[in-house]
Number of protein chains: 2
Amino acid sequence: MKACDELSSSMEDYLETIALLKKENDVARVRDIGSSLAVKSSSVNAALKNLSQKGLVVYERYGYVNLTTKGEEVAAKVQDKHDVLLKFLTKVLSIDNDIASEDACKMEHAISAETFAKLSKFIQFVEIGMGGDNSAEWLKRFNHYLRTGKIVEMQSTASYRSKGR
Amino acid sequence: MKACDELSSSMEDYLETIALLKKENDVARVRDIGSSLAVKSSSVNAALKNLSQKGLVVYERYGYVNLTTKGEEVAAKVQDKHDVLLKFLTKVLSIDNDIASEDACKMEHAISAETFAKLSKFIQFVEIGMGGDNSAEWLKRFNHYLRTGKIVEMQSTASYRSKGR
DNA sequence: TCTATTTGTTAGACAAGCCTAACAACGTCC
DNA sequence: GGACGTTGTTAGGCTTGTCTAACAAATAGA
């Protein structure tokens, strides 16, 4: 139950990228991992050696890169953190996708399981609220505050404007 | 206007700690910086050399450590990020102070100016809402959702319970 | 099939940030 | 004012994660 691995951000990034490439292209190759992460193939090689020793990837010379079950779990966890952070930044804080993505990439290595769990709940709460009734009225009020700097008591107007997306 | 310094998290931590020690003790000494950050004095020395070269601290052998104006600005920025993240984690997400502090320490190096600004607005929005009227009703609803997993249409009950602090 | 291009591997260097261990300055207390 | 404990400094080493450059394997084209 306890994730006592203490993986570095870099290694988490490698796992995440491998998982992503496998999802997109069915296979992950050294070169593609490198270009995704903007590092040289030799760095990828060193990382794969590291991750193999930790039992997170399966790799043999000149072959494709694969994740072990454990590796997949770690990758999924990182991706989940990324996703929830991205949602929070874009949907709640209304941050542009580019900046939000960048920040999510860095923050995903910094948040605890606890914060991830609570933030997930928060996003669920927001998304449920956006399902039609007025329980996420506050989000609209926040966006109004963001734009104008003024707090208003927007009494649930009947006319919704599905802003953006 | 543009912060093109690209300071490492470690160096940001040093600046933040120096500012904190100065605020608490009026002076910052090598040894105290080291124990605050759980690193050895020799590491502090190396960091001070680095930060001096960058024009962020003023330090002469065997003396006290001081921040330059620029150094103070950077430290303040980091502290501001820390504070707003801590507030978000504790007040909005209801995360325990210990975990929230740890996370804030890591996240403070990961968020952009943009995210800091929006999150600050969000916290303002929440705090204004908590000032007495029911505009932060949603936060109470979220906390209810956190506890019970159920969404309710808590129609602004007159009886507030100022839960914890 | 042979050769050219692409892809992968290895060795060796380097920077950041930490450490230990030995040494130097400081301050204090008889 | 000298000896000692504390604090600061320096040298040198280690780890992580990156790079370049040279080499090796694989693949594709003619």
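## About the model

This is a predicted model: local features need pLDDT of at least 70, side-chain atom pairs count only at pLDDT 80 or more, and totals for chains, interfaces and linings use all residues. Residues are numbered from 1 along each chain as its sequence is written, while chains are lettered from A and ligands numbered from 1 in the order in which they are written.

## Two copies and their axis

## Where the chains meet

Here, 28 residues of chain A are in contact with 28 residues of chain B, contact being C-beta atoms, placed from the backbone, within 7 Å. On the chain A side, α5 (97–107), α6 (113–129) and α7 (137–148) each supply at least two residues, and α6(A) gives the most, with eight residues. Helices are DSSP runs of H or I, at least four residues, numbered from the N terminus.

Because 100% of the interface residues of chain A are also interface residues in chain B, the copies meet through the same surface.

## Around DNA strand C

Of the 19 residues around DNA strand C, R29(A), R31(A), S42(A), S8(B) and S42(B) come nearest; a residue is near if its C-beta atom, placed from the backbone, lies within 6 Å of the strand. Two or more residues come from each of α2 (30–37) and α3 (41–53) of chain A, and α1 (9–25) and α3 (41–53) of chain B. Of these, α3(B) gives the most, with five residues.

Definitions and conventions: Contact = placed C-beta atoms within 7 Å.
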